[in-house]
Amino acid sequence: MQVVKNPTATGLSNEDARRYERSAKLGQRIAKFNQTALWVILLAGAVLFMLPLYVMVAMSLKTEVEISNTSMWSWPKDITWDNYKMVLTDPDLNFIRKFFNTLFLSTVPTAASLITGAMVAYPFARLKFRGRDRLFLILLSTMMLPGVVTMIPGYVLMAKLGWINTYKPFVIPAFFGGGAFGIFLIRQFMMGIPREMDEAAKIDGASHAVIFWRILLPNCAPVLATLAVFGFVGGFKDFMGPLMMLNDPDLMNLEVGLRSLQQAHKTEFHLMMAGSMIVLLPIFVIFVLCQRYFVKGITLTGGK
């Protein structure tokens with residue numbers, strides 16, 4: 001809002017111009033106050049959400065004696081890294097083996113679901129066939145089923161197939177689209193890509209496979225990166241799936257391994273916090289590396 005500097009140029013009287021000027025200045029003050037208040041609220045929210053992380057880091061760097069004698073909010077007087085060393089070398093946890101198990105369970109299903117999910121989304125977004133919208137509606141309806149409803153039937157099905165205590169329940173279903181949410185997100189993103197690109201490729205003799213692999217898939221990089229972050233974090237932090245499907249400790253992931261570490265060390269919170277920080281570190285790295293694509297994918301998909 002601009003302040004009137006020359007009342008006669010706008011045809012206003014001096015009194016009206018002064019009243020308008022006061023109103024404009026008041027509006028500017030209100031806008032500045034609202035912006036400052038918004039920043040204060042966002043900063044307070046960020047600090048509030050970072051408090052558990054601070055407590056985790058502080059306790060992971062304390063000795064067992066210091067934890068019992070100081071508040072959990074205090075920063076350690078003498079920082080020690082022995083807690084992390086003990087977790088990494090703990091024979092009950094077997095960290096290295098479980099880390100590679102977790103890496104496998106988070107990367108392979110994610111990659112499979114991205115490729116097949118894009119394949120399923122392509123006909124829903126670019127092709128016209130009978131019953132397309134009804135099929136897509138049925139697909140979306142599967143998102144309304146909570147995980148606890150399909151947990152027991154899924155376990156019974158995997159047991160009947162003889163897949164218990166193997167990685168097949170995590171890998172093979174990922175090759176069937178990876179779930180309705182990812183298919184929906186990719187489909188919405190594809191619908192925002194101009195169809196003129198498809199038509200130009202068809203004029204040059206390109207098939208649907210060429211259009212999908214060489215035109216649409218590269219342009220879907222932001223939404224694929226977004227789903228990759230979701231899939232990797234979900235697979236890395238999965239607890240119930242490996243707990244139900246796996247019996248062999250050598251096949252377990254880190255989340256189940258931390259549970260065994262808790263049972264072995266019980267009230268040794270410094271070791272528990274150190275183990276939790278080690279598990280969170282790869283997730284932080286992935287998010288930092290993919291943050292730009294993650295935000296871009298969410299923004300562009302939401303704007304379609």
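Reply: Let's start with one residue. Arg126 has a relative accessibility of 6%, so Arg126 counts as buried. Keep in mind that this is a predicted model.

Me: Where is the place of Arg126?
Reply: Arg126 sits in helix H5.

Me: And which side chain does the side chain of Arg126 make a polar contact with?
Reply: That of Asp198, at 2.9 Å.

Me: What else is Arg126 in contact with, leaving aside neighbours within four places in sequence?
Reply: Besides Asp198, the list has Met190, Met191, Ile193, Pro194, Arg195 and Leu216.

Me: How do the lining residues divide into nonpolar, polar and charged?
Reply: There are 22 nonpolar residues, 17 polar ones and one charged.

Me: OK, on to the largest nonpolar core. Which residues there touch the most other members?
Reply: Ile186, Met190, Cys220 and Leu224. The core has 25 residues. The elements that give two or more residues to this core are H5, helix H6 (132–141), H9, helix H11 (208–219) and H12.

Me: Take Leu224. What is Leu224 in contact with, leaving aside neighbours within four places in sequence?
Reply: Leu114, Ile186 and Leu217.

Me: Which residues does the second, separate core include?
Reply: Met59, Leu61, Phe95 and Ile283 are among them. That core has 23 residues.

Me: Last one: Asn165. What is its phi?
Reply: Positive, about 65°, although Asn165 is not a glycine.

Me: Where is the place of Asn165?
Reply: In the loop between H7 and H8.

Me: What is the relative accessible area of Asn165?
Reply: It is 27%, so Asn165 is partly exposed. The cut-off for buried is under 20%, and exposed means over 50%.

Key. Residues are numbered from 1 along each chain as its sequence is written. This is a predicted model: local features need pLDDT of at least 70, side-chain atom pairs count only at pLDDT 80 or more; totals for chains, interfaces and linings use all residues. Side-chain values use heavy atoms; hydrogens and water are left out. Ala, Val, Leu, Ile, Met, Phe, Trp, Tyr, Cys and Pro count as nonpolar, Asp, Glu, Lys and Arg as charged, and the others, Gly among them, as polar. Helices (H or I, at least four residues) and strands (E, at least two) are DSSP runs, numbered from the N terminus. Buried means under 20% relative accessible area, exposed over 50%, partly exposed in between (1.4 Å probe, protein chains only). A polar contact is a pair of N or O atoms within 3.5 Å; within protein, one must be able to donate a hydrogen and the other to accept it, and residues adjacent in sequence count only if both atoms are side-chain atoms. Contact means heavy atoms within 4.5 Å. A nonpolar core is a set of buried Ala, Val, Leu, Ile, Met, Phe, Trp, Tyr and Cys residues joined through side-chain atoms within 4.5 Å.
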